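Morning, everyone. Please have a look at the model on the screen, and then I'll take you through it.

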Amino acid sequence: IICLTYNSKKIIIDKYNIPVGNISIIPTCVDTKIFNPINKTKKSDLIKIVYLGTTKGAYNISKILSHFKSLLMVEKNFYLTIITKDNHSELFSKFKKLDIDNSFYKIVSLDGEKLINEISDNDIGIFYLNNNFSIKASFPTKIAELFSLGIPIVCNNFNEDIYFYINQYDVGRIHDFEEKNIIKFKEKLEMLKHNKKIINNCRNLAQDKLSLDYSFNKYSKIYNDIK
């Protein structure tokens, strides 16, 4: 049995009494040769945040936008890029409803090299996953992609694995989006921006634990063991 998270492995063992040795963990991985960090030559006081992927289903974009609005009310040096193939008109309506001026954000749909260049232009990745049972087994591809580009993440504590990775490897921050003190959120973002140690941690984690080479070796071992 192969699953994406240690959290789901524990659930499978407890519920079905499967032997520990019959379950392997292989998280969603990334081609670290393609998602390769781009050197940023321009320095800016602007803190650029990127949201990558779908804004629906398991994800709650409203939590992100609400916090972003609160950030701008405290300080104006934040910019949000949403990269998604979801309906852009619906997203623009959400920004308009919150009275967020379009000079503070953009919504784009990109693929390939343009996608990587756009992501790389940001300092921090952000997302919110709704808490439910299935999320315990989830490891979104965007996590490995962002880390591979040397970009730390801020997200909610949606399962045990994300809590472990972020705290064990220092590659971002867990945030309680019910927290009303927006200053704490602001301080987390400011700390992550251009933090060379954390940027290196992200890339190293991607190469060591979230790369295609890592998953290939894990799958190869499984196939060899069952021959």
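I'll go through helices, a strand, aromatic rings and a cavity.

Ground rules first. This is a predicted model, so local features need pLDDT of at least 70 and side-chain atom pairs count only at pLDDT 80 or more, while totals for chains, interfaces and linings use all residues. Residues are numbered from 1 along each chain as its sequence is written, and side-chain values use heavy atoms, with hydrogens and water left out.

Start with helix α1, residues 6-16, which holds I12. Helices are DSSP runs of H or I with at least four residues, strands are runs of E with at least two, and both are numbered from the N terminus. I12 is buried, at 18% relative accessibility. Buried means under 20% relative accessible area, exposed means over 50%, and partly exposed is in between, with a 1.4 Å probe and protein chains only. What does I12 touch, leaving out residues up to four places away in sequence? I1, C3, N17, I18 and I23. Contact here means heavy atoms within 4.5 Å. I12 and I23 sit eleven residues apart in sequence, and their C-alpha atoms are 8.8 Å apart.

Now to helix α9, residues 212-226, and K218. K218 is partly exposed, at 27%. Beyond its neighbours within four places in sequence, K218 contacts I25 and I26.

Next, helix α3, residues 88-97. N87 caps its N-terminal end, with a side-chain oxygen 2.9 Å from the backbone nitrogen of S89. After α3 comes D99, with a positive phi near 60 degrees.

On to strand β4, residues 78-83, where we find T81. Is T81 buried or exposed? Buried, at 1% relative accessibility. Not counting residues up to four places away, T81 touches I49, V50, Y51, K106, V108, E118 and N122.

Now the rings. A search of the whole structure finds eleven aromatic pairs. One of them is F164 with Y165: the centres are 5.7 Å apart and the planes at 70 degrees, so this pair is edge-to-face. The cut-offs: rings of Phe, Tyr and Trp (its six-membered ring) pair if their centres lie within 6.5 Å; planes under 30 degrees apart are stacked, over 60 edge-to-face, and the rest tilted. F164 is partly exposed at 40%, whereas Y165 is buried at 7%. F164 and Y165 belong to one aromatic cluster with F139 and Y169.

Which residue lies over the face of Y51? K142, at 5.1 Å from the ring centre. K142 also lies over the face of F127, at 5.3 Å from the ring centre. A charge counts as over a ring if NZ of Lys or CZ of Arg is within 6 Å of the ring centre and within 35 degrees of the ring normal.

The structure holds one cavity of 30 Å³ or more. The largest cavity has a volume of about 40 Å³. A cavity is a set of points, on a 1 Å grid over the protein atoms alone, where a 1.4 Å probe fits but cannot get out; lining residues have an atom within 4 Å of a point. Grid points are joined across faces, edges and corners, and the volume is the space filled by probe spheres set on the points. The lining is I49, I64, H67, F68, L71, L80, I126 and F185. Helix α2, residues 61-74, gives the largest share, four residues.

Notes:
Polar contact = N/O pair within 3.5 Å; in protein donor to acceptor, adjacent residues only side chain to side chain. 1 Å grid on protein atoms, 1.4 Å probe; cavity = no way out; pocket = protein on both sides within 12 Å on 5 of 7 lines; lining within 4 Å.
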